[in-house]
Amino acid sequence: MILVNTDYISGKELKMLGLVKGSTIQSKNVGKDITQSFKTLVGGELKAYNDMMNEARALATKRMIVEAEQLDADAIVNIRYATSAIMQGAAEVIAYGTAVKFVQ
């Protein structure tokens, strides 16, 4: 599966199959929330939240790919990510794009 954030793939003619997406809502445990809260007092990277968001993006991407594979897509173009806070310490990540088939 080819994944790109452009609306084309060089040298390929594309047939659009439709929108595909994947999402997840992730949170850290209470212990991590407390330690990260202390980190905000002194500043710096919140590594536990950074890791959480990286995991969430990877899972959302994987779910988007599964949806594209169900359409027998060869690639996903114009991929975008969006996030939103659901509650303190929890965030939704959605990955979306256009599933395409290569025209022979």
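1. Helices (H or I, at least four residues) and strands (E, at least two) are DSSP runs, numbered from the N terminus. In that scheme Met 87 belongs to strand 3, which covers residues 75–87. This is a predicted model, in which local features need pLDDT of at least 70 and side-chain atom pairs count only at pLDDT 80 or more, whereas totals for chains, interfaces and linings use all residues. Residues are numbered from 1 along each chain as its sequence is written, and side-chain values use heavy atoms, with hydrogens and water left out.

2. The sheet is open and is formed by four strands in the order 1-3-4-2, with mixed pairing; two strands are taken to pair if DSSP finds at least two bridges between them. The edges are held by strand 1 (2–3) and strand 2 (14–27), each of which has a single partner strand, so one side of each is left without a neighbour in the sheet. As background, strands of a sheet pair through backbone hydrogen bonds, either parallel or antiparallel.

3. The individual pairings can be followed residue by residue. Strand 1 and strand 3 run parallel and are paired over two bridges, and here Leu 3 has Ile 76 of strand 3 as its bridge partner. Strand 3 is joined to strand 4 in the antiparallel sense by 10 bridges, and Thr 83 stands opposite Val 93 in strand 4. Strand 2 and strand 4 are also antiparallel, with 13 bridges between them, and the bridge partner of Leu 19 in strand 4 is Thr 98.

4. How does helix 2 lie relative to the strands? Helix 2 lies across strand 1, strand 2, strand 3 and strand 4 (90–102), and it runs at about 145° to strand 2. For this angle, axes are lines fitted to C-alpha atoms, for helices over the stretch in contact, and angles run from 0 to 180 degrees between N-to-C directions; contact itself means heavy atoms within 4.5 Å.

5. The loop that connects helix 2 (47–70) with strand 3 contains Leu 71. Once neighbours within four places in sequence are set aside, Leu 71 is in contact with Leu 17, Val 20 and Ala 99. The C-alpha atoms of Leu 71 and Leu 17 are separated by 7.2 Å, although the two residues are 54 residues apart along the chain. Leu 71 counts as partly exposed, with a relative accessible area of 41%, where buried means under 20% relative accessible area, exposed over 50%, and partly exposed in between (1.4 Å probe, protein chains only).

6. Two backbone positions deserve a check by eye. Asp 72, in the loop between helix 2 and strand 3, has a phi near 60°, which is a positive value in a residue other than glycine. Asn 78, in strand 3, likewise is not a glycine and has a positive phi of about 55°; Asn 78 is partly exposed at a relative accessible area of 31%.

7. In one of them Lys 21 meets Glu 67, with the closest N and O atoms 3.3 Å apart. This pair links distant parts of the chain, with Lys 21 in strand 2 and Glu 67 in helix 2, 46 residues apart. Lys 21 is partly exposed, with a relative accessible area of 40%.

8. Lys 101 forms a salt bridge with Asp 72, the closest N and O atoms being 3.2 Å apart. Lys 101 is in strand 4 and Asp 72 is in the loop between helix 2 and strand 3, so this pair ties together parts that are 29 residues apart in sequence. The side chain of Lys 101 also meets that of Asp 74 in a salt bridge (3.6 Å, N to O). Asp 74 lies in the loop between helix 2 and strand 3, so its pairing with Lys 101 in strand 4 ties together parts that are 27 residues apart in sequence. Through shared partners, Asp 72, Asp 74 and Lys 101 are joined into one network. Lys 101 is partly exposed at 26% relative accessibility, and Asp 74 is partly exposed at 23%.

9. On the surface, Ile 25, Ile 86 and Met 87 form a nonpolar patch with about 320 Å² of accessible area together. Patches are made of residues with over 30% relative accessible area and no salt bridge, like charges being joined within 9 Å and nonpolar side chains (Val, Leu, Ile, Met, Phe, Trp, Tyr) within 5 Å. Accessible areas come from the Shrake-Rupley method with a 1.4 Å probe, and for residues only the protein chains shown count as cover. Met 87 is exposed, with a relative accessible area of 57%.

Note on methods: A salt bridge is a side-chain nitrogen of Lys or Arg within 4 Å of a carboxyl oxygen of Asp or Glu.
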